[in-house]
Amino acid sequence: MMLRTLCRTGGALLQQTQRAAPRLWVTPAQQRWASSLPMNTVVLFVPQQEAWVVERMGRFHRILEPGLNFLIPILDRVRYVQSLKEIVIDVPEQSAVSLDNVTLQIDGVLYLRILDPFKASYGVEEPEYAVTQLAQTTMRSELGKLTLDKVFRERESLNSNIVHSINQASDEWGIRCLRYEIKDIHVPPRVKESMQMQVEAERKKRATVLDSEGMREAAINVAEGQKRAQILASEGEKAEQINKAAGEAQAVLARAEAKAKAICMLSDALAQQNGDAAASLSVAEQYVSAFSKLAKESNTILLPSNTGDVSGMITQAMTIYSTMAKRGPKAPEEGQLKSEDHANQSSQ
């Protein structure tokens, strides 16, 4: 019964002290760092994700964990209340000068968390103000190392460098910077116009380069097409000439074979009975045909003295034919006699 009564009394006193207790820091921005300081009611209930720093007779004694805790009245006092949650701080807009002397207006957001309530309470007077100023100065120093173009291209590396620099200084305060994000970057109007002109020039340059590359590829394709067309045309002409020569050779052979067959058939026909009469008829027909074509192709004509004597011309042609026919069989007989004489001399 006494413990229940004591708990009820402690709860009532805690509510009263939370209504009337002053804040740790006067500035409104610092109120998120500490809740209302509770009064020592012997029995205290610490909320989750909060750390209460207790002093005994003005000196640090211990840090109360979440849950039920007991303190000695008058001697113990809750001096600081630290929140262990992740805290978001808006870094106000500030001016910074880049490496190429361009003035920029930049603001950001800082995410941090208290890791050591003892250091956060006794290491720095106003943690939020200290971290905010450290973030601003670090951001100005990091921007001074980069040109304007690199500020936009290397924003992630800039954020990581700022976080690293803040953590190096805030470790002594028990505070850990988790992230830093740049929200907006404002440049002067003239610089903005020059940047837009530069972007347009880069786009025109890329378009010109692409057009020239397209023209070059088109010229190369046309040249390759013409080259292949000429090669194919030459190969086709070569094949055509080869086929034409082969055809002409076959035609010459065919004409020669036909002429040889015709001569053989003619010789066979002349050797038969009445062959001379057939030859005389053929000569007469050719004579008449030749005279019919006179003076059609040229004005110069050579005529025999007896053009009207057709029978005489035929008789003369047949005489020439008979003479040649008689000389033909004698030539092999003379050659045969010579070969027989040579054989007889060699045998003797």
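Q: How many salt bridges does the count come to by this rule?
A: The count comes to six salt bridges. The rule asks for a side-chain nitrogen of Lys or Arg within 4 Å of a carboxyl oxygen of Asp or Glu. This is a predicted model, in which local features need pLDDT of at least 70 and side-chain atom pairs count only at pLDDT 80 or more, while totals for chains, interfaces and linings use all residues. Residues are numbered from 1 along each chain as its sequence is written, and side-chain values use heavy atoms, with hydrogens and water left out.

Q: What makes Glu86 and Arg113 a salt bridge?
A: Their side chains meet at 3.8 Å, N to O, and the limit is 4 Å. Glu86 lies in the loop between E5 and strand E6 (87-97) and Arg113 in strand E7 (residues 103-114), so the pair ties together parts that are 27 residues apart in sequence. Helices (H or I, at least four residues) and strands (E, at least two) are DSSP runs, numbered from the N terminus.

Q: Why are Glu86 and Arg113 called partly exposed?
A: Buried means under 20% relative accessible area, exposed over 50%, and partly exposed in between (1.4 Å probe, protein chains only). Glu86 has 33% and is therefore partly exposed; Arg113, with 33%, is also partly exposed.

Q: What is the distance between the closest N and O atoms in the salt bridge of Arg216 with Glu217?
A: The closest N and O atoms are 4.0 Å apart. Glu217 is partly exposed, with a relative accessible area of 39%.

Q: Which residues do salt bridges that share partners join into one network?
A: The network joins Glu86, Arg113 and Arg179.

Q: How do you know that strands E2 and E5 pair?
A: Two strands pair if DSSP finds at least two bridges between them. Strand E2 (residues 50-56) and E5 have seven bridges, in the antiparallel sense. Glu55, for example, has Arg77 in E5 as its bridge partner.

Q: In what order do the three strands form the open sheet, and why is one side of E3 and of E5 left without a neighbour?
A: The order is E3-E2-E5, with antiparallel pairing. Strand E3 (59-64) and strand E5 (76-83) stand at the edges, each with a single partner strand, so one side of each has no neighbour in the sheet.

Q: Why is Ser121 called buried?
A: Ser121 has a relative accessible area of 6%, so Ser121 is buried. Ser121 is found in helix H2 (residues 117-122).

Q: What does Ser121 touch, not counting residues up to four places away in sequence?
A: Ser121 touches Val53, Tyr80 and Gln82, where contact means heavy atoms within 4.5 Å. Ser121 and Trp173 are 52 residues apart in sequence and 8.1 Å apart in space, C-alpha to C-alpha.

Q: Where is pLDDT under 50 with zero contacts beyond four places in sequence?
A: That applies to residues 329-339. pLDDT is the predictor's confidence in each residue, from 0 to 100. The chain mean is 76, and 69% of its residues reach 70 or more. Where pLDDT is low, the predicted coordinates should not be read in detail.
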